[in-house]
Amino acid sequence: MTETVLEIDRVSKSFGDNKANDAISMTLGKGEIVALLGENGAGKTTLMSILFGHYMPDEGCIRVHGVDLPPGKPRAAIHAGIGMVHQHFSLAPNLTVLENVMTGTEKLWSFRSETGRARAKLKSLAERFGLAVDPDARLGDLSIGEQQRVEILKALYNDARILILDEPTAVLTNLEAETLFATLKEMARQGLSLIFISHKLDEVMATADRVVVLRGGKLVAERRSAETSRDELAELMVGHRVARPVREAHQRGEPVLEAAAVSVRVDGVDRLKEISFRLHAGEVLGIIGVSGNGQTVLARLLSGTLARSSGDILLYGEAIGDLSVADTVAAGIGRVPEDRTHEGAIGEMAVWENAVLERIDEPRFSRHGLVDRKAAVAFADTIIRDFDVRGGGPLTRTRLLSGGNMQKLILGRNLAERPRILIAAQPARGLDEGAVAAVHARILDARKAGTAVLLISEDLDEVIGLADRIQAIVGGRLSPPVSADEVDARALGLMMAGAWKKEAA
Amino acid sequence: MRFERREHRPLALVILTPLLAIAAALALSGILIAAAGAPVLEAYWRILVGAYGSRLSATETLTRATPLMLTGLAAAVAFRARVWNIGGEGQFYLGAIAVAAVGSQLLGNAPGYLSIPLLLITGAVAGMILLIIPLWLRLKFSVDEVVTSLLLNFVAVLVVSMLIDGPLKDPLAFGWPQSQAVPDVAMLPKLVFRSRLHWGFGIALILAFVIHFAQSRTVFGLKSRAAGLSPEGAVFAGVPLARTLLLVACVSGGLAGLAGAIEVMGVKGYVTTDLSPGFGYSGIVVAMLAGLHPLGVVLAALFTATMFVGADGMSRALKIPSYIADVTVALSLITMLVAVFFAQYRIRR
Ligand SMILES: Nc1ncnc2c1ncn2[C@@H]1O[C@H](COP(=O)(O)OP(=O)(O)O)[C@@H](O)[C@H]1O
Ligand SMILES: [Mg+2]
């Protein structure tokens, strides 16, 4: 065993009656990557916030290199070499990368700015760990992946030797996540110690040396990742066996939605190029692809928030013009957007408001411009009951729901209306294992009831598990469909890399 | 340490924090009053007497609250939809001058039941136009309306001074820059006999209730809140963003323009460049004090007017410098804002 750099010793923290951390002890060695695994609400963020001094622990203490860390003082944590990359970034979008990295360390009363030295240090760090970013770019103009890199650089800039990352991949695309993990491994190789929080089993297995599992505020298990399995971790995390639902064979119906050579141009760039597909009632058609290849645009087009530039769309066998959101909803098309928290629901509004907002003009929810609040709340109640939304009632602010429950609400408000078509974009992204299973089960139920589901996803397992037929999207082009029973992950991987084009040529 | 929104606000807290804020403001200004050599406790008493001690002072306080209620509503309505209307002052003046122009030039001696509604609408429309310009710039070119609406204040005030020194100048005003007056029949009737309190107070009160109803019960209220809270979320749900924000801007600009119209038609009868002691800007403070709640605006405007009128009375009664009164007012607004904040948020360790 290598030298221990960090010890968490019987740390407890309660919020009211809610014991978020219950006597948790763990250690971290030099050059080690530990994954902190647990479902939403297990207490991972709380534990790391205590470690970083954001929260005061009720009991217990933290030791860095054997020395007690004064509790509740972020400055002391930074000084001891702890760096934190938050789940929700804490950077200023209107400052440049360099300014962001420097804020907090520059002395307020120093006359000379340290910009020159800072720039050199940033550059050498970026090279050393392969974290390329333009120091003069405005942070708000960067992609999420790049912003995260800046957060990491900022921690390194403050001479962090222990780096904590809170759900770093929740906001990343698959490709960005892979790059991130390569970086993390490189950092560990160079002697940094890392803790990263996750509820995704695959990345934990692939990256961490050791896995610490939290459940309900307690540390329930600790495993070397070489000596455990996906299934065991899933069971430890949830507390019982979880099985993702399986797709049963089932007869599909008539085509309900067809695209023929549809192109979409956004800001002068062709984002979709002559794509064609045919979606039947009672089937799941998976559109797999790596992010940035047109999945988002396709979802927007079919959700009524983007117009096509050419091509034909047939809905229930008839050619249609551009549909507005209201038309789309009225035509029986359910929509699950890929960005839950920004598009799918408005966090500051109540659950009932989010349940009915897209249907508020329907006579059952409003008359003469007046909202029928009773009917709307009743509708929300039905969704909450039928779709097992937990964590609040119709009057709760939606932001307080966990990701999984928010997604159940969004799915519920669509499926409660028995839509003929469901456009589901990344429906399980960022959800924990239990929630993923619930969302998948709902989608398969809808398929069984005859709904045509277009599943737009970059998760291979998800698409293989749910879809009857699969098309890959690469650079705005759509491959011909293949039957899901005839392909494996490897073949799909090739399709996502654009392999079908050569065959066609 | 960080701040966290309270999910439930205990009633005791809602009542207690503003009282604490007033106590803190009085204690702080007490230091200045004592330094000026006046008896502190009597000064406090004089504030109350100054604001409500006689029929005259009470009606004066309510008269003062009227434009604050309207500009406060204007800011509250806009801010709720994240339309950052900082141009209340300009809209106020444009509403006022529009009323003076139409009232003195076009109406002649039309009967009051015709001219009063017509002039109120004129003022509101003038205010609307001044806010639609910045909003249009934002929707079309993403120009920040904080800057444009703020700068239009100066444009509006300069246009007003040009008009009252030029085409609209009252020839009987001994050379003072002052607009011609609206005819007497177009003045708002008094609410209380032999006082300055006029029907504008009633109009503002009614509008506060109407807006509260519209925000909490109507489809438009729901959509405009959605548009303000999350443009992406609103668009995904099919809310027409531009149309919704334009309507919000019409309501907000209209209210501020109406404030100017009512101040002319209720109190002065004509326009000068000191018609408003910053009503447009104070409206923003009033809206913040009220937590952007329309009924809260009524209370916040009353509080602000009370402090204005009361502190003024105190400084005159005790013969202490009037800037101490101004400081008292400012302190009370600041402590009240802090109190409102702590009623809504808690500190989490
Ligand atoms: N600031 C807070 N106030 C009250 N309860 C909290 C707060 N932060 C977290 N909790 C609660 O503590 C528990 C653990 O939360 P958290 O540490 O965020 O979990 P995780 O990061 O594992 O999803 C949850 O039940 C959550 O509701
Ligand atoms: Mg968390």
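Q: How far does a backbone N or O atom of A:Gly41 lie from an oxygen atom of ligand 1?
A: That distance is 2.7 Å. It counts as a polar contact, a pair of N or O atoms within 3.5 Å; within protein, one must be able to donate a hydrogen and the other to accept it, and residues adjacent in sequence count only if both atoms are side-chain atoms. A quick note on the model: it is predicted, local features need pLDDT of at least 70, side-chain atom pairs count only at pLDDT 80 or more, and totals for chains, interfaces and linings use all residues. Residues are numbered from 1 along each chain as its sequence is written, chains are lettered from A and ligands numbered from 1 in the order in which they are written, and side-chain values use heavy atoms, with hydrogens and water left out.

Q: Which residues are closest to ligand 1?
A: A residue is near a molecule if one of its heavy atoms lies within 4 Å of it. Here 14 residues surround ligand 1, and the closest are A:Gly41, A:Gly43, A:Lys44, A:Thr45 and A:Thr46. A polar backbone atom of A:Gly43 is 3.0 Å from a ligand oxygen, and for a backbone N or O atom of A:Lys44 the distance to a ligand oxygen is 2.8 Å.

Q: How much of ligand 1 does the protein bury?
A: Accessible areas come from the Shrake-Rupley method with a 1.4 Å probe. Ligand 1 taken alone exposes 560 Å², and the protein buries 71% of that. The ligand lies between chains A and B.

Q: Which helix gives the most to the shell around ligand 1?
A: Helices are DSSP runs of H or I with at least four residues, numbered from the N terminus. H1(A) gives the most, with three residues.

Q: What is the area buried between chain B and chain A?
A: The size of an interface is often given as the accessible area lost when the parts come together. Summed over both parts, with a 1.4 Å probe, the figure here is about 2500 Å², and carbon and sulfur atoms give 61% of it. Counting contacts (heavy atoms within 4.5 Å), 24 residues come from chain B and 28 residues from chain A.

Q: How many salt bridges are there between chain B and chain A?
A: The rule asks for a side-chain nitrogen of Lys or Arg within 4 Å of a carboxyl oxygen of Asp or Glu. The count is two. B:Lys223 forms a salt bridge with A:Asp361, with the closest N and O atoms 2.8 Å apart. On the side of chain B that touches chain A, H8(B) supplies the largest share, six residues.

Terms used: Buried area is the accessible area (1.4 Å probe) that two parts lose on being put together, summed over both. Helices (H or I, at least four residues) and strands (E, at least two) are DSSP runs, numbered from the N terminus.
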